[in-house]
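Good morning, and thank you for making the time. I would like to walk through some side-chain contacts and one surface feature, so please keep the model in view as I go.

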Amino acid sequence: MDALWEGHTLPMVLLRWTQGRVCAYLNLCPHMGVRLNRSGSALFDRGRRHLLCTTHGALFRPSDGLCVSGPCGGDHLDALEAVEVFGQVQVFLPPALADQLRRQRGLITALESPTTAPGAPGPSAPDGSTPE
Ligand code: FES
């Protein structure tokens, strides 16, 4: 699922988990900043206990986004604020995370190009130049 934020596409994961609680995260692995399910693969591991990053196999606990196994062990997925009111879920970008994303313009561009492989030519600036 993607969300639109300030003209940018943000991939996100929205889950109903423990005791019906709704959780939302950016669908962005803390290891290399790529979507967890880059090729449209499943978001969960075979046992459906953890979110899975298919790039290098990191596993994340759905309840809090903690990486419990993999190259980014101990890191967390970026949590979004999810609120359910009368059956409708609203998702908010926490201000600190919004500021971080604004500072990381390259990251935002990468989010808009989910097929961009690491090491591929980088994003270009709005004026068409290539950032250093
Ligand atoms: S990019 Fe997710 S585990 Fe490496």
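In which strand is V85 found? V85 is found in strand β7, residues 79–85, where strands (E, at least two residues) and helices (H or I, at least four) are DSSP runs numbered from the N terminus.

Before going further, this is a predicted model, in which local features need pLDDT of at least 70 and side-chain atom pairs count only at pLDDT 80 or more, while totals for chains, interfaces and linings use all residues. Residues are numbered from 1 along each chain as its sequence is written, and side-chain values use heavy atoms, with hydrogens and water left out.

V85 counts as partly exposed at 39% relative accessibility, on a scale where buried means under 20%, exposed over 50% and partly exposed in between (1.4 Å probe, protein chains only).

Turning to salt bridges, meaning a side-chain nitrogen of Lys or Arg within 4 Å of a carboxyl oxygen of Asp or Glu, a search of the whole structure finds five. One of them joins R35 to D2, with the closest N and O atoms 3.2 Å apart; because R35 lies in the loop between β3 (22–26) and β4 (51–52) and D2 in strand β1, the pair ties together parts 33 residues apart in sequence. R35 is buried at 16%, whereas D2 is partly exposed at 40%.
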